[in-house]
Amino acid sequence: MPDDIADELPHALNVLWGRAKPKGRGRTPALSLERIVAAAITLADEEGLAALSMARLAERLGCAPMSLYRHVTGKDDLQLFMLDAAPGPPPEFGTAPADWRGALTRWAVELFGVYLRHPWIVQLVSSPPVDPGQLAWLDAALRTLGGTPLDWRARFSVVMLVLHYVRGAAQLVTSVTAEPEEGADGAYAALLTEFADPGRFPALARAVEAGVFAPHAGPGPDDDFRVGLDHLLDGVGVAIERAART
C-alpha cells in the first residue's frame, strides 16, 4: 500500500494492518487495546450501539475517560476495532470445496449467527470492508465457489447477493427482537392486520391472513432464514449449471 494511501486511512486500520503501532499504554498498565475493544463489544451487545460512549465505556472499565484516548483516538477508531474483532474467524474452507452449496450455506449461517449475536454490526457497516477481520470473511465466501466454473466477477456477485440477503434477514429479525416491549412482533402483526387492506395490498393481506407475521407461528427466524437461503442458492445453482455448459 503506498504511503500516501496509508496516511489517509483511519489510525485503527493502519494499526490493524501493522502499518502503525498502537497508542501507548499510558498510566494504567491493566488497560489494553484488546480489553477496551472487548468491553466495547460487550456493552454494544448488551445495551445497543446508542449506549456506547467513551464515558460509559470508561465507567465499565473502571478508569477515567482520558485513559481510553491513550489507546484509541476516538469513538470512530474504536468502532473500526470492534468491527474487526467481533465476527471472529470465518469458517475454514479449501480453495475449491467439492460441495460449493454446503460450504456457502455454512458461511451464510455462521455469518447470520454473528449478526444475531452482535446486531450493532449491521448498523455500523456502511462501506465495503477494509479491515483484515471482515476481509477474511469475504475471502472465505469467495473460496466456497472455487470449484465452480463461475468466473471471478460472477463469484463476487454471488457472494454479494448472499451477503446482502444475510444482512437484510438479520436486520429484520433484530429490529423486532430488539424492541423492549414484550410482544413487539405481535404488535407489528396487529398493525399489518389493520392496515393491509385487501383492495390496496392484496398480496400482503393474504400473507397476513396466512399468519406469516404472527409471532412464533410456524418456523422460527433461523428456519425462515434457511428457507430463503435455499431459494436463493437454487438460483445460484442454475447459474453454475449454465456456466458449466458454456
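View 1. Because the model is predicted, local features need pLDDT of at least 70 and side-chain atom pairs count only at pLDDT 80 or more, while totals for chains, interfaces and linings use all residues, and side-chain values use heavy atoms, with hydrogens and water left out. A pair of aromatic rings is described by the distance of the centres and the angle of the planes. A search of the whole structure finds three aromatic pairs, where rings of Phe, Tyr and Trp (its six-membered ring) pair if their centres lie within 6.5 Å, and planes under 30 degrees apart count as stacked, over 60 as edge-to-face and the rest as tilted. One of these pairs is formed by Phe-112 and Phe-225, which are stacked at 3.9 Å centre to centre with 0 degrees between the planes. This pair links distant parts of the chain, since Phe-112 lies in helix H7 and Phe-225 in helix H13 (residues 221-245), 113 residues apart; helices (H or I, at least four residues) and strands (E, at least two) are DSSP runs, numbered from the N terminus.

**View 2. Phe-225 and its partner Tyr-165.** Phe-225 counts as buried at 3% relative accessibility. The rings of Tyr-165 and Phe-225 have their centres 5.3 Å apart and their planes at 15 degrees, so this pair, too, is stacked. Tyr-165 sits in helix H10 (residues 152-177) and Phe-225 in helix H13, 60 residues apart, and the pair thus links distant parts of the chain. With 22% relative accessibility, Tyr-165 counts as partly exposed. Ring pairs link Phe-112, Tyr-165 and Phe-225 into a cluster.

**View 3. The packing of helix H7 on helix H9.** Two packed helices are described by the angle between their axes and the distance between the axes. The axes of H7 (residues 100-117) and H9 (residues 132-144) come within 8 Å and cross at roughly 155 degrees; axes are lines fitted to C-alpha atoms, for helices over the stretch in contact, and angles run from 0 to 180 degrees between N-to-C directions. That makes H7 roughly antiparallel to H9, given that angles under 35 degrees count as roughly parallel, over 145 as roughly antiparallel, 65 to 115 as roughly perpendicular and the rest as oblique. Contact means heavy atoms within 4.5 Å, and the residues that make it include Trp-100, Leu-104 and Trp-107 of H7 and Trp-137 and Ala-140 of H9.

**View 4. The packing of helix H3 on helix H6.** The axes of H3 (residues 33-47) and H6 (residues 75-85) come within 9 Å and cross at roughly 80 degrees, and the two helices are therefore roughly perpendicular to each other. Among the residues that meet here are Leu-33, Ile-36 and Val-37 in H3 and Leu-78, Phe-81 and Met-82 in H6.

**View 5. Pro-65 in helix H5.** Pro-65 is found in helix H5 (residues 65-68) and is partly exposed, with a relative accessible area of 38%. Leaving aside its neighbours within four places in sequence, Pro-65 is in contact with Ala-55 and Ala-58.

Technical notes: Residues are numbered from 1 along each chain as its sequence is written. Buried means under 20% relative accessible area, exposed over 50%, partly exposed in between (1.4 Å probe, protein chains only).
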